[in-house]
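Thanks for coming. I will go through one model today, starting with its aromatic rings, then its charges, then its cores.

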Amino acid sequence: MIRLSLADIADAVGGRLHRAEGSEIVTAGVEFDSRKIEPGGLFVAVPGERVDGHDFAARAVADGAAGVLAAREVDAPAVIVPSVPADRSGVMALAGDTDGSGAAVLAALAKLARYVVDRLPELTVFGVTGSSGKTSTKDLIAQLLEPMGPTVAPPGSFNNELGHPWTVLRADESTRHLVLELSARGVGHIAGLCRVAPPRIGAVLNVGHAHLGEFGSQEAVARAKGELVEALPADGVAVLNADDPLVRAMADRTRARVVFVGEHPEAHVRAADIEIDEHARPRFTLVTEHGSARVALPLVGEHHVGNALTAAAVALEHGATLEQVAERLGGVRRMSARRMEVAETPDGITVVNDAYNANPESVRAALKTLAAMTRGRPGRAWAVLGPMNELGEAETEAHDEIGRLAVRLNIDRLVVVGEQARVMHQAASLEGSWGEESVLVPDVDAAVALLRAELRPGDVVLTKASNSAGLWRVADALLAGGGAE
C-alpha cells in the first residue's frame with residue numbers, strides 16, 4: 001500500500017481518530033488476520049463467525065501495526081469508521097456480523113481502496129467475472145502481464161467485498177497492473193466492486209448455474225455479471241466469450257470496445273485445431289486478426305482453452321505481441337490450490353484435487369478431463385463427487401445430469417459423498433447398465449476408507465464438490481497415506 005498517515009486514512013473513510021495523533025504512518029499492508037500483521041501495517045478489525053477482530057486490536061498494534069481500522073473504540077490507536085444504513089444496501093453481510101460493525105468496516109475499507117487507486121495514475125485495473133473459471137483465468141492474466149510490469153492479483157479467490165479491497169490495497173506506486181476477480185451473490189454486487197477499483201479492461205467468461213438459488217435464473221446472473229462491462233470507460237475494452245449467448249449479448253451493454261473470444265468463427269481471438277495430449281493438457285492454434293501461433297498449455301483440462309483465450313486477449317489489448325502471449329502461455333503455472341491440482345502417490349495412483357468448489361459447468365469440465373486422463377490407459381477412472389450447493393430449484397436436475405454424465409463418459413467408478421448428493425448416485429445407477437459402479441457413502445472418512453481398500457496402481461481419482469463438503473480431505477488423505485492396499 002502507499003504510505004498514508006492515520007489522519008489521511010480517517011479523511012479517506014470519513015472516520016475519526018481514536019487514541020492517535022494522526023501522524024502515525026502506515027508503511028506496510030492491510031491485514032484482517034492479526035497473526036499476519038507486519039510492522040507498519042494497518043489492522044482491519046472485522047467481526048467473524050467465531051472471533052471479533054476488535055478483540056485483537058491491541059495485540060496487532062503490539063506486534064507492530066501502525067493503527068487499526070475499527071467500527072468501535074478499541075484499546076489501540078485507531079480510525080473509528082461511521083456506521084452504515086441498517087439495510088447494508090449493496091454490502092454482502094459477513095458471517096457473525098450481528099450489529100452491522102462488519103458492514104461499516106467493509107464500507108470504510110472500500111473507500112480506502114478507492115482513495116489509493118485514485119492516487120496511482122500509472123495503474124491499469126483489469127477485472128474478470130463469470131460463473132466458473134474466474135480464479136484460473138485471473139491467474140493466467142496475471143502471469144501474462146507480469147513481464148510487462150509489476151502486477152498485483154489476489155491469492156486464490158479473494159473476490160468479495162473483503163478480499164477485493166484487501167487486494168487493491170496491496171498496490172503501490174510501483175504497481176502497473178491490478179488484476180481483480182469479481183464475484184456476486186446478487187444484482188449490484190459487481191457494480192459495487194467496480195466502484196472500488198474502476199476497471200479499464202474487463203472480461204466475462206460465462207453465465208452458468210453457480211449461485212442460481214440466490215439469483216433465481218440465468219438471466220438474473222447475466223444481469224449481475226454484465227455490470228462489469230457497464231462499468232468500463234469508453235476507451236476501455238470488454239473481452240466477451242462469443243461461445244456463450246448470454247455473454248455475447250453483453251456487447252450491447254458497454255461503451256467500451258468489444259473483443260470476442262472463443263471457438264466461434266466470429267471471435268477476434270479464437271482457438272482452432274484443439275488437441276488433448278495423454279495427460280489431458282490442451283494444445284491449440286491461437287488465431288488473431290494479426291496472425292496465429294501454436295500454444296501448448298501445461299495445465300490439465302480442455303476447459304482451460306477458453307480461460308487462455310481470455311487471458312491472451314487481455315494481454316494483446318494491453319500491448320503484448322502474439323509471439324509473447326503464445327510463449328508465456330506455454331510456461332504458465334497453476335497458481336491457486338485445489339483447482340485441477342494433480343499429484344501422484346508413491347504407489348502410482350494419480351490424484352486430481354479439484355475440490356475448491358463446484359457447479360454443474362465446472363463438474364462437467366472436471367469429469368471430461370478425468371475421462372481424457374484415463375483414455376487408453378490401463379488404470380481406472382474414479383470420480384469422488386459431493387453436493388453442488390446454491391442451485392435452488394435446479395438442484396435435483398443438476399445432480400441427476402452429473403450422475404448420468406459420469407456413466408456416459410465411461411467413468412469406471414463413481415463415489416458420491418453425502419446424502420445431499422444422493423440424486424447423483426441414483427441417476428448413475430439408473431443410467432445404462434451400471435450396477436455397483438456407483439456407491440453412496442455418508443462422509444469423507446467413508447470415502448477414504450473405500451478408496452484405500454479398492455484403488456490399484458494406475459488408477460486416477462478426481463475429487464470435486466462445493467467447498468463446504470471438504471472433499472479436498474479425500475485427496476489429502478490419499479496423498480498422505482497412499483491409496484492402494
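Rings of Phe, Tyr and Trp, the last by its six-membered ring, pair if their centres lie within 6.5 Å. This is a predicted model. By that rule, the count comes to two aromatic pairs. Phe32, Phe158 and Trp166 form one aromatic cluster.

Staying with rings, there are two places where an arginine sits over an aromatic face. Arg338 lies over the face of Trp472, at 4.1 Å from the ring centre. Arg339 is over the face of Tyr356, and here the distance to the ring centre is 3.8 Å.

Now the salt bridges. The count comes to 20. I will take three of them and one network.

One is between Glu317 and Arg257, whose side chains meet at 2.4 Å, N to O. Which parts does this pair tie together? Glu317 belongs to helix H11, residues 304-317, and Arg257 to strand E13, residues 257-262, so the bridge ties together parts that are 60 residues apart in sequence. How accessible are the two partners? Glu317 is partly exposed, at 26% relative accessibility, and Arg257 is partly exposed too, with a relative accessible area of 46%.

Another joins Arg281 to Asp277, with the closest N and O atoms 2.9 Å apart. Arg281 counts as partly exposed at 29%. Asp277 has a relative accessible area of 10%, and the cut-off for buried is under 20%, so Asp277 is buried.

As for the network, Asp400, Arg404, Arg408 and Glu431 are joined by salt bridges that share partners.

Against these, consider Arg328, in helix H12, residues 322-329. Which side chain of opposite charge is nearest to Arg328, and how far away is it? It is Glu327, at 6.5 Å. A salt bridge needs a side-chain nitrogen within 4 Å of a carboxyl oxygen, and Arg328, although buried, has none. What does Arg328 touch instead? Leaving aside neighbours within four places in sequence, Arg328 is in contact with Leu144, Pro147, Met148 and Ala320.

On to the nonpolar cores. The largest has 65 residues, and Ile9, Leu69 and Leu240 have the most contacts inside it. Helix H3, residues 101-117, gives the most to this core, with ten residues. Ile9 touches Leu4, Val26, Leu42, Leu69, Val79 and Leu112, with residues up to four places away in sequence not counted. A second, separate core has 38 residues, including Phe126, Val239, Val259 and Ala326.

Ala197 lies between helix H6 (189-196) and strand E11 (201-204). Is Ala197 buried or exposed? Ala197 is buried, with a relative accessible area of 3%. Not counting residues up to four places away in sequence, Ala197 touches Val117, Val125, His164, Val168 and Leu180. For a sense of distance, Ala197 and Gln420 are 39 Å apart in space, C-alpha to C-alpha, and 223 residues apart in sequence.

That is the end of my list.

Technical notes
Residues numbered from 1 in each chain as written. Predicted model: local features only at pLDDT ≥ 70, side-chain atom pairs only at ≥ 80, totals over all residues. Heavy atoms only, no water. Core = buried A, V, L, I, M, F, W, Y, C linked by side-chain atoms within 4.5 Å. Buried < 20%, exposed > 50% of the residue type's maximum accessible area, 1.4 Å probe, protein only. Helix = DSSP H or I, 4+ residues; strand = E, 2+ residues; numbered from the N terminus. Contact = heavy atoms within 4.5 Å. Lys, Arg positive; Asp, Glu negative; His and termini not counted. Phe/Tyr/Trp six-rings, centres within 6.5 Å; stacked < 30°, edge-to-face > 60°. Lys NZ or Arg CZ within 6 Å of the ring centre and 35° of its normal.
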